[in-house]
Amino acid sequence: MPPPDNEFFLVPHDMPKDQLPTIPENIHPPVVVTDMWIERNLHRKQYITPQANVTNTPFQKFPIPGFDCLTVCSTRFEGVDLLHMSKAVKLMGATYDEDFTPKASVLVCHYVIPGHEKLRHAQHWNIPTVTAEWLWASVGSGELQPFTPYLIQPYAGRPVPGAQKQSVGQTKCELIHGTDIKASNRRSEVAVTLAD
């Protein structure tokens, strides 16, 4: 697809949307893109529309309430996709951990390979496993999305965001992690380095 005749206005990916410069009304507005869009185009050596990925344009809101309670691990991301996913996770307020351990809150999968080692460990450790669309939907909406619509495999562990109402005295982090988070933290402290 050839690039359109639009002009582009490049901003850092971590520039809040409300701090974007105003463009005079008498000028045809350029398409506002982030540095991640440039990186993605260069990496793929082709023109990619700004609308192709939520990280190509300024984020709706950050940090997102509730993300500060999450430790996000990933699988099957590589290259620029891994870089952008980890930057987005951190910008949203979560902790990104390359090592998949029982302390993880969620495992985000770029694509799924049935029986993959990380998926088996996630099920054993009662860690929700979601598609990457969960992260992009959260980034795009500016709100922590429930895991449930994005779950890859059955999950019987901690409550998932949006699945329960917060009770009096319960913090958002306790709601997200559930009461068994303390038990899971007592499990093996050794990081499991699993091949993607």
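Colleague: What do strand 3, helix 2 and strand 4 make?

Modeller: Strand 3, helix 2 (residues 79-92) and strand 4 make a right-handed β-α-β unit. A crossover is right-handed if, with the strands pointing away from the viewer, the path from the first strand over the helix to the second runs clockwise. Helices (H or I, at least four residues) and strands (E, at least two) are DSSP runs, numbered from the N terminus. The model is predicted: local features need pLDDT of at least 70, side-chain atom pairs count only at pLDDT 80 or more, and totals for chains, interfaces and linings use all residues. Residues are numbered from 1 along each chain as its sequence is written, and side-chain values use heavy atoms, with hydrogens and water left out.

Colleague: How do you know that strand 3 and strand 4 pair?

Modeller: Two strands pair if DSSP finds at least two bridges between them. Strand 3 and strand 4 (residues 95-96) have two bridges, in the parallel sense, and therefore meet that criterion. Within strand 4, Tyr96 is the bridge partner of Val72. Strand 3 is also joined to strand 5 (residues 106-109) by four bridges, and these two run parallel. There, Cys73 has Leu107 as its bridge partner.

Colleague: What makes strand 4 and strand 6 edge strands?

Modeller: The open sheet of four strands has the order 4-3-5-6, with parallel pairing. Strand 4 and strand 6 (129-131) each pair on one side only. Helix 3 (residues 117-124) packs on this sheet and touches strand 3, strand 5 and strand 6; contact means heavy atoms within 4.5 Å.

Colleague: Why is strand 3 described as largely enclosed by the rest of the structure?

Modeller: Strand 3 is so described because four of its five residues are buried. Buried means under 20% relative accessible area, exposed over 50%, and partly exposed in between (1.4 Å probe, protein chains only).

Colleague: Why is the pair of Trp37 and Tyr47 called edge-to-face?

Modeller: The search of the whole structure finds six aromatic pairs. For Trp37 and Tyr47, the values are 6.1 Å centre to centre and 85 degrees between the planes. Rings of Phe, Tyr and Trp (its six-membered ring) pair if their centres lie within 6.5 Å; planes under 30 degrees apart count as stacked, over 60 as edge-to-face and the rest as tilted. The label edge-to-face therefore applies to Trp37 and Tyr47. Ring pairs also link Phe8, Trp37 and Tyr47 into a cluster.

Colleague: How do you know whether Tyr47 is buried or exposed?

Modeller: Tyr47 has a relative accessible area of 19%, so it counts as buried. Trp37, with 6%, is buried as well.

Colleague: What makes Asn56 a buried residue, and what does its side chain reach?

Modeller: Asn56 is buried because its relative accessible area is 0%. Asn56 lies in the loop between helix 1 and strand 3. Leaving aside neighbours within four places in sequence, Asn56 is in contact with residues including Val32, Trp37, Ile48 and Pro50. The side chain of Asn56 reaches the backbone oxygen of Thr49 at 3.4 Å.

Note on methods
Axes fitted to C-alpha atoms, helices over the stretch in contact; angles between N-to-C directions. Polar contact = N/O pair within 3.5 Å; in protein donor to acceptor, adjacent residues only side chain to side chain.
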